[in-house]
Amino acid sequence: QATPSRNTQDWQAADSRHFLHPFTDFQGLARKGARIITRAENIYLWDSEGHKILDAMSGLWCVNVGYGQQSLIDAAAAQMKELPFYNAFFQTATTPAIELAEVLAEISPPQFQHVFFTSSGSEGNDTIVRMVRRYWDVLGQPERQVIIGRKNGYHGSTMAGASLGGMSGMHAQGGLPIPNITHIDQPHWFEHGAGLRGETAGLTPEAFGLKAAGWLEAKILELGADKVAAFIGEPVQGAGGVIVPPASYWPEIQRICDKYGILLVSDEVICGFGRTGQWFGCETMGTKPDLMTFAKGVSSGYIPLGGVMVGDRVARVLIEQGGEFNHGFTYSGHPTACAVALANIRLLRELDVVRHVREDVGPYLAQRFAELNDHPLVGETQSCGMMASVQLVKDKTTATPFDEALEVGMVCRGHCFGNGLIMRAVGDRMIVAPPLVMTRAQVDEMMGLIRRCLDLTL
Ligand code: PLP
């Protein structure tokens, strides 16, 4: 429903006069006018013109429990009434932050007994950079500075987050990456010509996974192992296009990190809190990271919250030998945010959402996405839990990509927008990450819309 006092054009005009949107061509948006989202329920949004839209992106990969969950709303209201804010600086704490730390330790893999709170994933990854380097400093190895990420990885938009990420467009602005961060290629079998090109020619996905992990070892040897502090990666690359690595990749990465004593950081900002069918993506991929970044799904996006789960190896050193860690934010452990996260995790547990993703709706989504392979525009489909992607190709028999990858994605996204579906385009890859509470019938509804939009893009 439109807000009665102002019409859509009015909102759009005010928007373009004053609001600089993230990751947006400001002039382009001003010409088109923003779509004004006014309310939401379950997996659906409504805009100011009254259109109903199926939100197949969970907002921005975060509304894991869907919209309108009363227990989260009540938790925020109750906490705001009791104690809306107090900080965790200067030897104080609030009860929701303590309780959330306890619950996070309970649901995380056993090596994680400590948490450092932030308000976002980017701040979490800034924390990672400082914590990792502090760890090696305290251990008397300050020369271990370099953190290795991956091309096309996404770790946020702050100076450190965008540097850890490997998005070339982001590195083109603002003097990034910051020093002592470098990148290896991503484990994307299809991009590497479905094994047809260069050094990956003819490899099976499994062999390619080992080869791609080997790029980490090559980089470590090139830099010198005694210079490398950590490797960071998303279990499944999200913003890069829902790129699911072959099963052989992550165990081999773990082996290499162990071999050289390098810290392994799992960025769980998207994969955490059930999206891959386990509480955390590292459990799905079979790694035992030293640190995990989280955000988004911890509070289902109802309120900003993020943080770093700190594994025993790092926690012991920082706690027992580190002295004061000169890092933190006003909102580290914000009581209202923590109260909402507690209600969110309680609900995920009550509804058994992680099992629902792993055993029911996740496999069903995979099956329905695989059916898209018969479409003339589709070169490959991938999925993991409740995230999936479609690679659009110009010629599916030869896996030839479009010359203007960005353009075809935008055309397809435009059809989605026009047909009541939010699906994201990453170049010529169309991706979804719907709320985890989605039902099979809603998967069917979404798939009908996706096929219609692919047909319109032809
Ligand atoms: N890490 C990953 C894997 C992400 O996908 C994102 C955001 O999409 C971030 C970090 C940054 O999180 P935020 O936007 O909350 O700063």
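Phe273 is found in the loop between β8 (263-267) and α11 (281-285). Helices (H or I, at least four residues) and strands (E, at least two) are DSSP runs, numbered from the N terminus. This is a predicted model: local features need pLDDT of at least 70, side-chain atom pairs count only at pLDDT 80 or more, and totals for chains, interfaces and linings use all residues. Residues are numbered from 1 along each chain as its sequence is written.

**Backbone features**

Phe273 is not a glycine, yet its phi is positive, about 65°. It counts as buried, because it has 29 C-beta neighbours inside 10 Å. Buried means that 20 or more other C-beta atoms lie within 10 Å of the residue's own; exposed means 12 or fewer, and partly exposed is in between, with C-beta atoms placed from the backbone.

Ser58 also has a positive phi and is a residue other than glycine. Asp352, with a positive phi too, follows α13. The table gives the angles.

| Residue | Angle |
|---|---|
| Phe273 | phi about 65° |
| Ser58 | phi near 50° |
| Asp352 | phi near 55° |

Ser58 is found in helix α3. Ser58 is buried, with 29 other C-beta atoms within 10 Å. Elsewhere, Leu176 and Pro177 are joined by a cis peptide bond, with omega about -5°. Pro177 is in the loop between α8 (168-171) and β6 (181-184).

**Two domains**

The domain assignment gives domain 1 (35-65 + 352-457) and domain 2 (71-350). Such bounds come from an automatic or database domain assignment. The C-alpha centres of the two domains lie 25 Å apart. In contact across the boundary are 28 residues of domain 1 and 26 residues of domain 2. Contact means C-beta atoms, placed from the backbone, within 7 Å.

Several elements build the side of domain 1 that touches domain 2. At least two residues each come from α3 (58-61), α14 (353-370), β11 (378-384), β12 (387-392) and β15 (429-432). The largest share, five residues, is from α14. By class, this side has 16 nonpolar, nine polar and three charged residues. Ala, Val, Leu, Ile, Met, Phe, Trp, Tyr, Cys and Pro count as nonpolar, Asp, Glu, Lys and Arg as charged, and the others, Gly among them, as polar.

**The core**

The largest nonpolar core has 126 residues. A nonpolar core is a set of buried Ala, Val, Leu, Ile, Met, Phe, Trp, Tyr and Cys residues joined through C-beta atoms within 7 Å. Ile147, Phe231, Leu291 and Leu421 touch the most other members. Helix α13 (residues 335-350) gives the largest share, 10 residues. Each of domain 1 and domain 2 supplies at least three residues to this core.

Leu291 touches residues including Ile128, Met131, Leu263 and Val265, not counting those up to four places away in sequence. As for α13, 13 of its 16 residues are buried, so the helix is largely enclosed by the rest of the structure.

**The ligand shell**

Which residues come nearest to the ligand? Of the 16 around it, they are Ser120, Gly121, Ser122, Gly156 and Val269. Near means that the C-beta atom, placed from the backbone, lies within 6 Å. Helix α6 (residues 121-138) contributes the largest share of the shell, three residues. The shell has five nonpolar, nine polar and two charged residues.

Definitions and conventions
Two residues are in contact if their C-beta atoms, placed from the backbone, lie within 7 Å.
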